[in-house]
Amino acid sequence: MSARSLAVQQEEMTVSGQNLANVNNNNYSEEQLEVSESSPLETSFGDEGTGDQINGISDSRNPLLDGQIQAESSTSGSLTAQQTNLQYAEAYLDEQISSSSSSPTADSPNGLAADMSNLFDSFQSLSNDPGDLSLRQTAVESAQQVTAQFNQVATQLSTVQANLNTSVQNDVGSANQDLSSIATLNQQIVAAQASGGSADQLVDQREQTLENLAGLANFSTTTEANGAVNVNIGGVPMVSGGNVSDNLQTYADSNGNLQVQAQNAGTQITLTGGSIGGEITARDGALASLQSGLNTLASQLMTQVNTIYSAGYDLNGNTGQDLFTGTNASDIAVNSTVANDPSQFQAAGAAGAAGDNSVVLSLAELGSQNIAGLNNQTFSANYAQTVSNLGNSISTVNNQLTNSQAVTQMLTNERSSTSGVSTDTEMTNLIQYQKAYEASAEMITTLNEMLQTVVAMKSV
Amino acid sequence: MHVSTTSFSHNFLYEIQNLESQQSALQQETTTGLKVTQPEDNPSVMDQVLNLQTEAGANTQYQSNITQIQSSATTASDALNSLQTLVEQAGEIATDANGVNSSTQLSTYATQVGQLVQEALQIANTQDAQGNYIFAGTDTASAPFSATTDANGNVSAVTYNGNTSVAQSEIARGLTVTAQNPGENNTGAGTEGVFADSRTGADIFSHLIALQQDLTSGNTSAISSTVGPGLTTDEDHVVTQISGNAVLQSTLEATGNVAAQNSTSIESQMSNDTSADLATTLTQLSQTQTAYQAALESGTMVMQTSLLNYLT
């Protein structure tokens, strides 16, 4: 009995040692030795105790809490991916406030807002003296600034789009690796538990992998009686027991963007969480709106300006040319004939009079008119709205991310209090087990002395 | 409640990071003096700011247009005043010639009128600071008036080569004005011609040339019956032009004042929308810094204490 007690105390100390060693391991859950009284011996004067016995080592995981943390990891993974990429888009737009002066050139002198403002102002200047070659040159250069900025922003946003697609591809690869790890761990855990042992370290490892996967894609799980965890993404079973039943796969949609489907089942998977979900949401949501807003703006600018401009006459009496060429923000450009020769700027309403400004005056007034194709907004009001829509998207994501981080913190604390290791507790336990060990050892020494006394009696 | 060893440091880090980022945001607000810098900071303010900046740009442009037209209007005003003096002089000569019989005297008058014709031609071909002819309608690149001289070197006819269109300029949203005038307008519609207009009957050059010719030929009865009244009509016509010009200049001044006021009001709106209230910001910054320091001090104190310190 005492010998068994010694063994139990020794095992307790080993478990405490294990806990202490893992005090800083975030994925570790505190282990406890399950001890109970061993079966009593039946004697004529009643049940006699036989000491204690070890029933096993249990961990303190709370599966409910684990599930909540996985869900929150998916949420914050998605929001972080959206925040990062949309902030790149915001930076490329280059619309910032750097002073409280209202002059357009004080803030963001290279932004589209300032460029468009300068364009219409240059038409105004030209309307005062339409024969002046240097004012014509300025008007042409203002137009070139606008087209250059449209082109630049369009290119940069395309780069963000391409990077998002690359990220989706990479993250799908990582997710598939995690699925494979989870299946392997399932196999090992089921085998360990079937033979009657505990698989705490493997369970901790599997939980870490599940949280990693949650940060990439949202999923649901079911737990089998044999200890395996099945993973289900978008309604398609991905991990069943020890097998990977399906994988995530990317495919290109009609816009050339990557979407996600199940590799074997072939069904499309719409992810609402995880960085993959966030990347797709950002790319097809706020980024796509931004790109389409800029394309519409460029296209309307071209159409409206060209309609007025092409009816005008230049200083040589010629007419019919367009000022802008192209179809959208990425290819809008200034017609090279007028770019090379500002005297060909068609400012007049009729041929022959250098002071005739009626066409360039109409162009100037276009800046303050409401355009039907832009929801009856002026060019600059429409652009301002596009910028503020992006700002709204980012601001919403920022708020949601702050909340998600607070929730994650709360859940992590909760888990930590149920399954985290406290140095003070373990140290106290150690002292307790040490005393118990000493007591049991003392018991053995006493019994030994008593036996020796009995043996000595016989030998006398 | 079981408190694990790592949970304390995780919470500590989380709170410290929150305080640090609050501090950093307030610091930036103090340094830049702005409470909004990016669209994500305050999307609706950003929208307003972009619109205000466009409006400010347009407003500045209107002020520049006004200045330029003001300059053209002043040039025109000077020319018109000279023209008025000139036509008055011609009118006086016409009156003085009445009842004069001496051909020498009449000849002297004729020479004087000849000079007036040359002066009038110069006035008619006035250019503004940009080199544009101001009495040519929109045909501003070439001199609008040309003279034909006879064998004696006297001007026998003056031809108008400009047109009767004028170019407008926008001086405020939806408001356009012109400082241009056609030199002559005999179409019966549009802006009045300065030197001749079929609606008023003014025809300065024709009348001046006729006066010179009548003085030379001694036809004083034609002077008093036809040319004299013609010149009177011309005088009235020029006076009308001068008052039209004065109206234009006062419109320009009034519109310029409104534009200046708009400028001020846009600046103040911008400032309200974007400027940080330094008093509030500095107070908040000071509070955050205090909280940060307190958190650091108390955190390190607690983290260092554990049971291990007391076990020997």
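Visitor: How many of the 27 residues of α6(B) are buried?

Guide: In this predicted model, the number buried in α6(B) is one of 27, so the helix lies largely in the open. Helix α6 covers residues 278-304 of chain B and reaches 39 Å from its first C-alpha to its last, close to the 39 Å expected at 1.5 Å a residue.

Visitor: Which residues of α4(B) are buried?

Guide: The buried residues there are B:Ile204, B:Phe205, B:His207, B:Leu208, B:Ile209, B:Leu211, B:Gln212, B:Asp214 and B:Leu215. They pack against α2, α3, β2 (155-160), β6 (196-197), β7 (202-203) and α5 of chain B. Helix α4 (residues 204-217) has 14 residues and spans 20 Å between its first and last C-alpha, close to the 20 Å expected at 1.5 Å a residue. Just after α4(B), B:Gly218 takes a positive phi of about 75°.

Visitor: How is a pair of packed helices read, and at what angle do α2(B) and α3(B) cross?

Guide: Two packed helices are described by the angle between their axes and the distance between the axes. For α2(B) and α3(B) (residues 103-124), the axes come within 10 Å and cross at roughly 165°. Angles over 145 degrees count as roughly antiparallel, and that makes α2(B) roughly antiparallel to α3(B). Their crossing is left-handed.

Visitor: Which residues of α2(B) and α3(B) meet?

Guide: From α2(B) come B:Ala79, B:Ser82, B:Leu83, B:Leu86, B:Gln89, B:Ala90, B:Ile93 and B:Ala97. They meet B:Leu106, B:Tyr109, B:Gln112, B:Val113, B:Leu116, B:Glu119, B:Ala120 and B:Ile123 in α3(B). The residues of this contact divide into twelve nonpolar, three polar and one charged.

Visitor: How many residues of chain B are in contact with chain A?

Guide: The size of an interface is often given as the accessible area lost when the parts come together. Here the description is by residue contacts: 57 residues of chain B are in contact with 53 residues of chain A. On the side of chain B that touches chain A, α1 (5-32), α2 (43-97), β3 (169-172) and α5 (220-274) of chain B each supply at least two residues. Helix α2(B) gives the most, with 16 residues. This side of chain B divides into 20 nonpolar, 31 polar and six charged residues.

Visitor: Is A:Glu438 buried or exposed?

Guide: A:Glu438 counts as exposed because it has 11 C-beta neighbours inside 10 Å, and 12 or fewer is the cut-off for that class. A:Glu438 is in helix α10 (residues 423-459) of chain A. Its C-alpha is separated by 57 Å from that of A:Asn247, 191 residues apart along the chain.

Definitions and conventions
Residues are numbered from 1 along each chain as its sequence is written. Chains are lettered from A and ligands numbered from 1 in the order in which they are written. This is a predicted model: local features need pLDDT of at least 70, side-chain atom pairs count only at pLDDT 80 or more; totals for chains, interfaces and linings use all residues. Helices (H or I, at least four residues) and strands (E, at least two) are DSSP runs, numbered from the N terminus. The expected span of a helix is 1.5 Å times one less than its number of residues. A residue is buried if 20 or more other C-beta atoms lie within 10 Å of its own, exposed if 12 or fewer, and partly exposed in between; C-beta atoms are placed from the backbone. Two residues are in contact if their C-beta atoms, placed from the backbone, lie within 7 Å. Ala, Val, Leu, Ile, Met, Phe, Trp, Tyr, Cys and Pro count as nonpolar, Asp, Glu, Lys and Arg as charged, and the others, Gly among them, as polar. Axes are lines fitted to C-alpha atoms, for helices over the stretch in contact, and angles run from 0 to 180 degrees between N-to-C directions. Angles under 35 degrees count as roughly parallel, over 145 as roughly antiparallel, 65 to 115 as roughly perpendicular and the rest as oblique. A crossing is left-handed if the near helix is turned anticlockwise from the far one by less than a right angle, and right-handed if clockwise.
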